[in-house]
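Subject: Handover of a structure

Dear colleague,

I am passing the structure below on to you, and my notes on it come after it. Please have it open while you read.

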Amino acid sequence: MKELFPAKQVWGFVFSLILTLAALTVYFFNMSKAMGMTIFILTAFIQAAVQLVVFMHARETDDSKSIFMTLYCAIFLAIITVVGTILCMIWGWTY
Amino acid sequence: MGFFTRFLIPNPSPVIYTSMVAIGITILLIVFGLTHFKKWFYLWSGWLTTVDHKRIGIMYLIAALLMLFRGGVDAVMMRAQLAIPDNKLLDSQHYNEIFSTHGVVMILFMAMPYIMALMNFVVPLQIGARDVAFPRLNAISFWLFFMGAMLFNISFVIGGSPDAGWSSYFPLAGNEFSPHVGTNYYMIAIQIAGIGTLMTGINFMTTILKMRAPGMKLMRMPMFTWASLVTSVIIIFAFPVLTVALIMGTMDRLFATKFFAMTDGGMDMLWANLFWVWGHPEVYILILPAFGLFSEIIPTFSRRNLYGYRSMVASMVFISIYSFFVWTHHFFTMGQAAYVNSIFSITTMVIAIPTGIKIFNWLFTMWRGRIRFTVPMLYSIGFIPLFTIGGVTGVMLAMSAADYQYHNTMFLVAHFHNVIIPGVVFAVLGAATYYWPKMFGFMLNERLGKWAFWFLTIGFCLAFFPMYITGLDGQARRIYTYSESTGFGPWNMVTFIGTVLMAISFFLIVYTVYYSIRHAPKDVGDDPWDARSLEWATHNPVPEYNFAIIPQVSSREAFWDAKYKGHELFKGDYEKIHMPNNSGGPFIMSCIFFVFGFALVFSIWFLAIMGLIGIFVCMALRSFEIDHGRYISVEEIKETEAKYGGVNK
């Protein structure tokens with residue numbers, strides 16, 4: 001019976017609901033912008049990780065190494081793009 | 001009448017009316033020809049529904065040649081207008097439209113499909129596979145590209161062409177400054193073609209990672225396959241940015257959103273930023289496969305193995321990641337602080353290092369080689385010095401302080417043509433000649449090919465070197481006229497002469513194809529160039545299933561070692577071969593995409609919604625379709641192989 005019960009998926013589902021609720025607090029409670037953004041960014045990344053590992057089975061096949069390589073590469077490039085954009089459009093903007 | 005007035009072009013001229021008539025007559029002739037020679041069924045079953053990577057590659061090649069003609073006509077008209085001061089050949093609106101479409105057509109609808117043609121044709125053969133990983137997706141990629149290109153190309157006879165430059169910067173490209181539908185065409189046609197390109201990236205990454213012949217480890221792959229893998233990775237990471245930027249731009253123009261507006265919290269410069277986040281990797285998407293092609297041609301005609309294989313791979317991987325770090329150098333003058341520009345100056349200069357490594361590797365490959373001056377090799381040898389000049393001027397442009405002088409001048413125009421023409425165009429022309437016997441079973445005429453090469457090279461030098469001079473003297477790009485007192489006149493006349501030489505070279509290339517079809521011998525053998533990699537181990541032209549027996553690879557230059565070191569490539573006996581079925585789905589869905597895009601351009605909402613439903617219906621039908629493919633029996637294989645004179649053992 002224990003083998004048949006998808007405990008991992010159930011916990012993943014519960015956890016992703018909790019993360020959604022945590023993100024919702026930003027809307028319902030009065031908090032600083034920095035605080036709100038921190039909660040958003042943290043919950044978003046954890047949420048993405050939960051979805052990938054639990055529901056998209058990223059760790060369950062032989063090629064999981066290449067899946068994660070691609071993933072890290074994508075995250076790295078996304079960060080470079082976002083930081084670079086903020087760098088020239090906001091932080092370094094002189095007009 | 002109100003409904004139809006939107007289809008009128010805003011700035012009609014006799015040239016455009018003539019083109020309309022010419023297009024109409026051409027379509028009539030094609031329809032008549034197909035009917036008269038009873039070729040409709042052949043066209044449908046042989047080409048429109050095909051999922052064969054070789055045929056799709058050939059269709060890309062034909063489309064690219066057509067677009068080369070279209071973009072080339074634009075170029076000749078532009079340079080004719082600039083040939084003498086205060087010329088009245090074109091008005092400013094017409095000139096704006098021509099340089100905008102020239103850029104888009106040449107980059108996205110000429111260079112990209114040319115690269116895709118060679119990737120499609122060569123990569124599965126080089127890795128010893130029978131097709132790409134997702135054959136039907138491949139067909140969708142091609143037809144989406146084709147429909148996007150056609151949608152873009154009808155703009156100049158229906159509704160008017162985009163006129164905000166190939167980079168289409170907002171706010172100029174917004175509704176306020178570009179009121180007619182041209183920029184809608186830009187946004188939607190590139191979107192449709194871009195979806196196709198993204199799918200190609202996914203397809204080839206999977207193919208190369210998953211479908212290599214037994215024994216072909218990553219570090220045994222031919223250099224063009226490596227280049228295609230790296231390119232696919234860049235496509236997958238760069239194209240989504242373009243997709244998003246184009247959607248935002250489309251929303252701004254069609255639904256009055258304010259992403260790139262100057263008011264209401266919009267950021268007008270964000271478009272430039274997003275465009276180049278995609279745009280800079282895009283130039284590496286073009287140049288890396290070109291590098292790969294040179295790396296195939298140069299060892300073959302030097303009779304030496306490629307010098308520095310590992311450093312070639314490493315520098316390509318480095319370039320692929322690094323190409324995402326440099327985009328701000330396209331807008332140094334936009335208004336960010338000096339320290340930001342300095343960061344991107346340095347990253348830009350650093351990217352010259354791996355490129356330099358590759359240049360030296362090609363030189364060392366030729367060093368003490370026995371060089372044969374065939375047409376593909378001429379293009380490769382011409383590429384090295386000319387591309388290096390382009391690279392050096394690139395480093396000049398990378399210095400952000402100096403860039404304030406060069407920015408938006410003819411110097412910049414000369415620079416990027418100086419890397420793209422010797423880099424990409426020489427590569428695809430050389431490689432098309434190199435792979436021609438593989439595609440069609442006969443060789444292109446060498447003598448005519450050499451004439452075309454010299455016309456192109458001399459024309460190129462005459463056309464673009466004067467632009468460096470006028471650019472430094474302050475001739476701005478995208479300006480349709482200049483006064484005689486500037487002194488640009490004689491240089492621009494030289495440029496025009498160069499342009500004419502390049503146009504002659506195009507017609508020579510087309511004539512070479514025609515001449516060779518008529519006169520070239522049809523039995524050139526399977527290995528006419530004495531080549532080194534696996535694609536030459538099968539027959540010319542390639543049978544449907546590529547390899548009768550899947551090759552066993554045990555070294556880096558599998559075919560060379562099979563020829564001269566006695567490695568055995570094909571072990572075992574024939575077995576039945578599993579092949580994918582043809583399908584009309586990709587073509588039909590892409591036609592619906594075309595209608596959908598056209599409806600969006602002109603805001604015909606009813607038709608757009610119908611189109612969207614049609615697209616989803618196609619996808620749903622595909623999801624529930626059961627198609628296990630088909631088998632080619634051993635008897636059929638034996639028959640085919642006997643016709644070619646047996647498998648090459």
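This is a predicted model: local features need pLDDT of at least 70, side-chain atom pairs count only at pLDDT 80 or more; totals for chains, interfaces and linings use all residues.

Residues are numbered from 1 along each chain as its sequence is written, and chains are lettered from A, with ligands numbered from 1, in the order in which they are written.

In chain B, helix H4 (residues 53–82) packs against helix H6 (residues 135–153) at about 15°, with the axes 10 Å apart (axes are lines fitted to C-alpha atoms, for helices over the stretch in contact, and angles run from 0 to 180 degrees between N-to-C directions; helices are DSSP runs of H or I with at least four residues, numbered from the N terminus). That makes H4(B) roughly parallel to H6(B), a term for angles under 35 degrees, whereas oblique is what remains once over 145 (roughly antiparallel) and 65 to 115 (roughly perpendicular) are also set aside.

The axes of helix H5 (residues 92–126) and helix H8 (residues 223–254) of chain B come within 9 Å and cross at roughly 120°, which makes H5(B) oblique to H8(B).

Between the chains, the contact (C-beta atoms, placed from the backbone, within 7 Å) takes 15 residues from chain B and 14 from chain A. On the chain B side, H9(B) gives the most, with 3 residues.

Kind regards

Definitions and conventions
Helices (H or I, at least four residues) and strands (E, at least two) are DSSP runs, numbered from the N terminus. Two residues are in contact if their C-beta atoms, placed from the backbone, lie within 7 Å.
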